[in-house]
Each structure stands twice: as structure tokens, then as C-alpha cells.
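Please take a moment with the sequence and the model below before reading on. The paragraphs after it are meant to be read with the structure in view.

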Amino acid sequence: MAYWLVKSEPSSWSWDQQVAKGAKGEAWTGVRNFTARQNLVAMKKGDKAFFYHSNEGKEIVGIAEIIKEAYPDPSDKTGKFVCVDIKADKPLKTPVTMAAIKADKKLADMALVKYSRLSVQPVTAEEWKMVCKMGGL
């Protein structure tokens, strides 16, 4: 299993909206960055992803699961970009803020810190364990 982080502004698509979609999940559309696209293509069914509220909140609030692998993004008229389907798995007991992640020297190389504008990014197994622990899981 691989681990990822997906970002969304809660005013556009929030964790609560993701949870409301239930087991059928939702397509993660609208990604228009080629590095993020490569990450979407690399996602496999069953992989887990942190759900990060960007701009407002700046915190990891939950864990999602990839339920459908990459396919053409229906919102992309150029045909260059893809999406995956994700469903909410579980919330973090305590949201993990960007400030808390930056404060931990062991997480200094995390993509969230180094490439803060990248909307879909990989997370190492060690980072995953640390953030889950910080979040009360």
C-alpha cells in the first residue's frame, strides 16, 4: 500500500462533504498540475490518503481511501488530466496542523513542507505513522 495526501480548500470541498458521499465516494477532479497528475496515476485501489484542508485551516483532518484508479478527468476539456475516486475512511481524532508538522524536525522532508503548493503528493510510511500518531490514531 502507498500513502498520499490530497488537498482541498474546505470552502470548495470539505472533509464533511467527503464523508457525506459515503461508500460510493467522489471523483477527485480539477487537478491541473503535471506532478500532481503523475501522483494520481500512481495511486492504486486501496491506497490511503490524508485529507488536508488548505488555505482555511491548514490541517490534516481525515484519512481517505482510493476506491477507483486514475481515469480521464471529466472536468478537463483538454483530455490531459486524470482523476481518481476516493471515499472517506476515518477522521483524525485531533487535526494535525501545518504548524505542528513544520515544528517536528523528523517531518522536515515531508512533501507537504517542501512542496506546499502541490495538491496531490506522496507520503512515506514513516511520515504516515508519525502523522497518524499526532492525530490520535
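Predicted model: local features only at pLDDT ≥ 70, side-chain atom pairs only at ≥ 80, totals over all residues.

What follows goes from an annotated span to a helix, then to a pocket, and lastly to several loops and a strand.

In an unreviewed entry, UniProt places the feature "domain: EVE" at residues 2-134.

Helix H5 covers residues 125-134, and its buried residues are Glu127, Trp128, Met130, Val131 and Cys132. An α-helix has 3.6 residues a turn, so residues three or four places apart point the same way. What do the buried residues of H5 pack against? Their partners are strands: E1 at residues 3-8, E3 at residues 48-53, E4 at residues 59-72, E5 at residues 82-97 and E6 at residues 120-123.

Because buried means under 20% relative accessible area, valine 131, at 0% relative accessibility, counts as buried. Leaving aside residues up to four places away in sequence, valine 131 touches Phe50, Ile60, Val96, Leu107 and Met110. Proline 10, by contrast, is 121 residues from valine 131 in sequence and 20 Å from it in space, C-alpha to C-alpha.

The two ends of the helix can be looked at next. Threonine 124 has its place in the loop between E6 and H5, and this residue is partly exposed, with a relative accessible area of 42%. The C-alpha atom of threonine 124 is separated by 20 Å from that of histidine 53, which is 71 residues away along the chain. Just after H5, glycine 136 takes a positive phi of about 85 degrees.

A disulfide is a covalent bond between the sulfur atoms of two cysteines. How many disulfides does the structure hold? The number is zero.

The largest pocket holds about 580 Å³ of space, and its lining is made up of 20 residues, of which Lys7, Ser8, Glu9, Ser54 and Ser119 lie nearest the centre of the pocket. The elements that give two or more residues to this lining are E1, strand E2 at residues 26-28 and helix H3 at residues 98-103. E2 gives the most, with three residues. Sorted by class, the lining of the largest pocket has six nonpolar, eight polar and six charged residues.

Most residues other than glycine have a negative phi, and most peptide bonds are trans. Asparagine 55, although not a glycine, has a positive phi of about 60 degrees, and lysine 58, likewise not a glycine, has a positive phi of about 45 degrees. Asparagine 55 has its place in the loop between E3 and E4, and lysine 58 is found in the loop between E3 and E4 too. How exposed is each of them? Asparagine 55 is exposed, with a relative accessible area of 53%, whereas lysine 58, at 44% relative accessibility, counts as partly exposed.

Glutamate 59 belongs to strand E4. Not counting residues up to four places away in sequence, glutamate 59 touches Phe51, Tyr52, His53, Pro95, Val96, Thr97 and Met98. The C-alpha atoms of glutamate 59 and alanine 99 are 8.5 Å apart in space, while the two residues are 40 apart in sequence.

The last stop is serine 75, which lies in the loop between E4 and E5. Serine 75 is partly exposed, with a relative accessible area of 38%. With residues up to four places away in sequence set aside, serine 75 touches Thr29, Gly30 and Arg32. Tyrosine 3 is 72 residues from serine 75 in sequence, and the C-alpha atoms of these two residues are 25 Å apart.

Technical notes. Residues numbered from 1 in each chain as written. Heavy atoms only, no water. Buried < 20%, exposed > 50% of the residue type's maximum accessible area, 1.4 Å probe, protein only. Helix = DSSP H or I, 4+ residues; strand = E, 2+ residues; numbered from the N terminus. Contact = heavy atoms within 4.5 Å. Disulfide = S-S within 2.5 Å. 1 Å grid on protein atoms, 1.4 Å probe; cavity = no way out; pocket = protein on both sides within 12 Å on 5 of 7 lines; lining within 4 Å. Points joined across faces, edges and corners; volume = space filled by probe spheres on them. Nonpolar A, V, L, I, M, F, W, Y, C, P; charged D, E, K, R; others polar. UniProt positions renumbered as here; feature names shortened; annotations may be inferred.
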